[in-house]
Amino acid sequence: MLKSERNVIKDAKGKNIKRIETSSNYVSEFLLRACIEFPNMKEVNPFYRELIESTIDINQTLKALGHISAERRIILKLKGNAIGRIKGLEKTESTKAGPIVREFYGRLSGLVKKLDRSIENYNRAAKKLKELPKVKTDLPTAIIAGYPNTGKSTILGRLTKSQPKVAAYPFTTQKLEIGYLIHNYLKFQLIDTPGLLDRPLEERNKIERKGIAAFKYLAEAIVFVVDPTMQCGFPLEKQESLFREIKKEFEGIAVIPVINKADTASKKEMEKAKKAFPNAIIEGKRIKSGLGEKISEVLEKEFEEKASKGKETRKGS
Ligand SMILES: Nc1nc2c(ncn2[C@@H]2O[C@H](COP(=O)(O)OP(=O)(O)OP(=O)(O)O)[C@@H](O)[C@H]2O)c(=O)[nH]1
Ligand SMILES: [Mg+2]
């Protein structure tokens, strides 16, 4: 056989091996990415773990991932096998390379087809995970609660300098608003939760309650905003009962009551509110209430206590 003939055969083998490598690498890398991208549930921050568990069907997703990873291994095996067979072809058998490639393509596409359902399930879960809010799990955090129109967003704006970041949250049509409070060179995270902690929990379904409970793992404190003027449309008694409910739900987490709109409330309204919320901070337009300092103080204390007790680390992701 001439040298040029030998090169042609070698070239043909190389080309066929390349075809197998290209197709199988494309598929197996795609599958590998799915396996790597999905968070390890044992390591994920408990706040996100709660959210993930209430947002996606975790068993179905893990099953899909198991399937994907097993099929990926089979693809790698098939690839090695097909390439080995081509490499082992005698010079006289060069025409057999084409059928080996075609057989490989056939099995690859059969495997991919079998994965359809799992990939679909995985993609659905991955899309939902991408939509989870991006909050900082390593900062001392307070969440703002209270009936609608009590002034939660206004307070967040007053306490934090820059425009709040917005983040979607499952279980509510509204978005979380996240601001950062700097005090004594320390940074604290404040989260306004419109549509979440603004009405009795009994009005929530199970999944929504799980989404609300997730905040137990994130927050060191809850700032509960009260409107004494009733401009918000909710009588003080209702606000008191929501306050009690939130305290119970978030047992062990500091709750800071704030009587807002003190600039416009009547003396009588203020007295009634102070009686109902004796330790509340008095807040309002152009009122120097020291609310920012109070929140920072509480958050710092709670954060340090938790760290020194070595309690289940809620922080860190
Ligand atoms: N006079 C007075 N009005 C206030 C004060 N804080 C808020 N408001 C007004 O109260 C209304 C509601 O304020 P928001 O900050 O939007 O209330 P919210 O609690 O975020 O409302 P939702 O997002 O619907 O739950 C607005 O018209 C504000 O201007 C205050 O301290 N004094
Ligand atoms: Mg608001």
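1. Two salt bridges cross the interface of domain 1 and domain 2, a salt bridge being a side-chain nitrogen of Lys or Arg within 4 Å of a carboxyl oxygen of Asp or Glu. Glutamate 50 is paired in this way with lysine 210, with 3.5 Å between the closest N and O atoms.

2. The model is predicted: local features need pLDDT of at least 70, side-chain atom pairs count only at pLDDT 80 or more, and totals for chains, interfaces and linings use all residues. Side-chain values use heavy atoms, without hydrogens and water, and residues are numbered from 1 along each chain as its sequence is written.

3. Domain 1 covers 3-130 and domain 2 covers 141-309; these bounds come from an automatic or database domain assignment. Their C-alpha centres are 49 Å apart.

4. At the interface, seven residues of domain 1 are in contact with 10 residues of domain 2 (heavy atoms within 4.5 Å). About 820 Å² is buried between the two domains, 73% of it from carbon and sulfur atoms; buried area is the accessible area (1.4 Å probe) that two parts lose on being put together, summed over both. Of the area that domain 1 buries against domain 2, 65% comes from Phe47, Glu50 and Ser54, more than from any other three residues.

5. On overall form, the C-alpha atoms fill a box of roughly 105 × 40 × 35 Å along the principal axes.

Methods: Chains lettered and ligands numbered in written order.
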